[in-house]
Amino acid sequence: MGKRVFKNITIFGTGMMGSGIAQIFAMKQCFNVTIFSRRGIASGVLEKIKSNLNVLMENKICTEDEIERALEKITVVDDMETAAKDADFIIECVPEDMEIKQNLFKDLDQICRPDTIFATNTSVMSITEIASKTTNKARVIGTHFWNPPYLIPLVEVVKTEDTSDDVVEQTMDLMRFIEKHPIKVNKDVPGFVANRLQHALWREAISIVERGIADAATVDEALKFGPGLRLPILAPIENADMVGLDLTLAIHDYILKYLEDSHEPSPLLKEKVEKGELGFKTGKGFQEWTEEEAKASKKRLSEYLINVLYNK
Ligand SMILES: NC(=O)c1ccc[n+]([C@@H]2O[C@H](COP(=O)([O-])OP(=O)(O)OC[C@H]3O[C@@H](n4cnc5c(N)ncnc54)[C@H](O)[C@@H]3O)[C@@H](O)[C@H]2O)c1
């Protein structure tokens, strides 16, 4: 098949991810972006997109005129057939519920042209299973965007055993075209690549707190002021080559037996959830958070990302 030009992009789901992903395509100007919502325009999706874009405008990343033109490229519909029948590429961002996702692709299979690609933005679920009620499984692929999708460059493009090589290559090209940084994941495994890495780190972080080796704030400090600083430039595989695989082997030979290897969530984590200590949303998690502190944390993150990505 080779290079393919995509024109009509359809997004299912108007939440945090659906709105953010629709916005990326709309800003490129060369796509017709259709968003399906059972509530149509009343879903408030255009307001959500406008509010995200306003933050970018305040940081001089886009102009008011660009926002207007982007919003003009978006149509919100409440009828599935209208949303899907001319679509070249569909990304579903409906809730993380296997049955909803399976049934959506099953229905779309009946409506769409044979060459329409079905992408799922699932965070952790098996893409093979999501595709199981779909006749044409070769067209189903994972495109795992990270939140906020209009800022974080990474998209994990996940192949199942049934996904065709053309669909993989065309999806990688499309993600590059919208200026994302796609990575190819060769196996449809839980957590793909980045969440496996992330949660290996979280498991150890929580375990250190649980064992009283350091308190919660100190664990974060250890990363923020140490290895976390160099991670964007020097990630584990290059780092291992840099220090030498002989040294890496010697370190692993000594330390791996001491690291957390539980296959269950930590008892401390379970206990906190049982007590209703859920983090920002309840004012207490591993640490205590006032509303202002929680807001300030989110603001620090978006300012940092804008600074790193746009040099602003
Ligand atoms: N939030 C994140 O940080 C994040 C990151 C990466 C991937 N994801 C994944 O993206 C997907 C969407 O996540 P989100 O955070 O945007 O969720 P969300 O709850 O904010 O949005 C879900 C949307 O789907 C709509 N919806 C519900 N049932 C539907 C149906 N049957 N048909 C069509 N639309 C329906 C809802 O009205 C809502 O607009 C999930 O699979 C999630 O795991 C989320």
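Colleague: By class, how many nonpolar, polar and charged residues does the shell around the ligand have?
Modeller: This is a predicted model, and in it 19 residues surround the ligand, the closest being Gly13, Gly15, Met17, Glu96 and Asn147. Sorted by class, that shell has 10 nonpolar, 8 polar and 1 charged residues.

Colleague: Which helix gives the largest share of the shell around the ligand?
Modeller: Two helices, H1 and H5, each supply at least two residues of the shell. The largest share, 3 residues, comes from H1.

Colleague: What is the handedness of the β-α-β unit that E1, H1 and E2 make?
Modeller: Strand E1 (residues 8–12) and strand E2 pair in the parallel sense over 5 bridges, with isoleucine 11 standing opposite isoleucine 35 in E2. Together with helix H1 (residues 16–28), these two strands make a β-α-β unit that is right-handed.

Colleague: Why is strand E2 described as largely enclosed by the rest of the structure?
Modeller: A residue counts as buried if 20 or more other C-beta atoms lie within 10 Å of its own. Strand E2 (residues 32–36) is largely enclosed by the rest of the structure because, of its 5 residues, the number that are buried is 4.

Colleague: Which residue in E3 is the bridge partner of isoleucine 35?
Modeller: E2 and strand E3 (residues 74–77) run parallel and are joined by 4 bridges. Within that pairing, the partner of isoleucine 35 in E3 is valine 76.

Colleague: How many residues does H1 contribute to the largest nonpolar core?
Modeller: The largest nonpolar core has 53 residues, and those with the most contacts inside it are Ile11, Ile21, Ala22, Val33, Ile35, Ile90 and Ile141. The largest share of this core comes from H1, and the number of residues in that share is 7.

Colleague: Leaving aside neighbours within four places in sequence, which residues is isoleucine 21 in contact with?
Modeller: Isoleucine 21 is among the residues with the most contacts inside the largest nonpolar core. Once its neighbours within four places in sequence are left aside, isoleucine 21 is in contact with Ile11, Ile91, Cys93, Phe145 and Pro149.

Colleague: Which residues of strand E5 point the other way from Ile117 and Ala119?
Modeller: In a regular strand the side chains alternate between the two faces of the sheet. Strand E5 (residues 117–120) has residues pointing in both directions, and all of them are buried. Ile117 and Ala119 point one way, and the residues pointing the other way are Phe118 and Thr120.

Colleague: Through which helix does the chain cross from E4 to E5?
Modeller: Strand E4 (residues 89–92) and E5 pair in the parallel sense over 4 bridges, and glutamate 92 stands opposite threonine 120 in E5. The β-α-β crossover from E4 to E5 is right-handed, and the helix it passes through, residues 98–111, is H5.

Colleague: Which residue in E6 stands opposite phenylalanine 118?
Modeller: E5 also pairs with strand E6 (residues 140–145), in the parallel sense and over 3 bridges. In E6, the residue opposite phenylalanine 118 is valine 140.

Colleague: What kind of peptide bond joins asparagine 147 and proline 148?
Modeller: Most residues other than glycine have a negative phi, and most peptide bonds are trans. Proline 148 lies in the loop between E6 and strand E7 (154–158), and asparagine 147 is one of the closest residues to the ligand. The bond that joins asparagine 147 and proline 148 has an omega of about -5° and is cis.

Colleague: Is lysine 60 buried or exposed?
Modeller: Lysine 60 lies in the loop between helix H2 (45–58) and helix H3 (64–72), and its phi is near 60°, a positive value in a residue other than glycine. Because lysine 60 has 10 other C-beta atoms within 10 Å, and a residue with 12 or fewer is counted on the open side of the cut-off, lysine 60 is exposed.

Colleague: Is phenylalanine 192 buried or exposed?
Modeller: Phenylalanine 192 is placed in the loop between strand E8 (181–185) and helix H8 (194–210), and its phi, near 50°, is a positive value in a residue other than glycine. With 21 C-beta neighbours inside 10 Å, phenylalanine 192 counts as buried.

Definitions and conventions:
Residues numbered from 1 in each chain as written. Predicted model: local features only at pLDDT ≥ 70, side-chain atom pairs only at ≥ 80, totals over all residues. Pairing = 2+ DSSP bridges. Right-handed = clockwise from strand over helix to strand, strands pointing away. Core = buried A, V, L, I, M, F, W, Y, C linked by C-beta atoms within 7 Å. Contact = placed C-beta atoms within 7 Å. Near = placed C-beta within 6 Å. Nonpolar A, V, L, I, M, F, W, Y, C, P; charged D, E, K, R; others polar.
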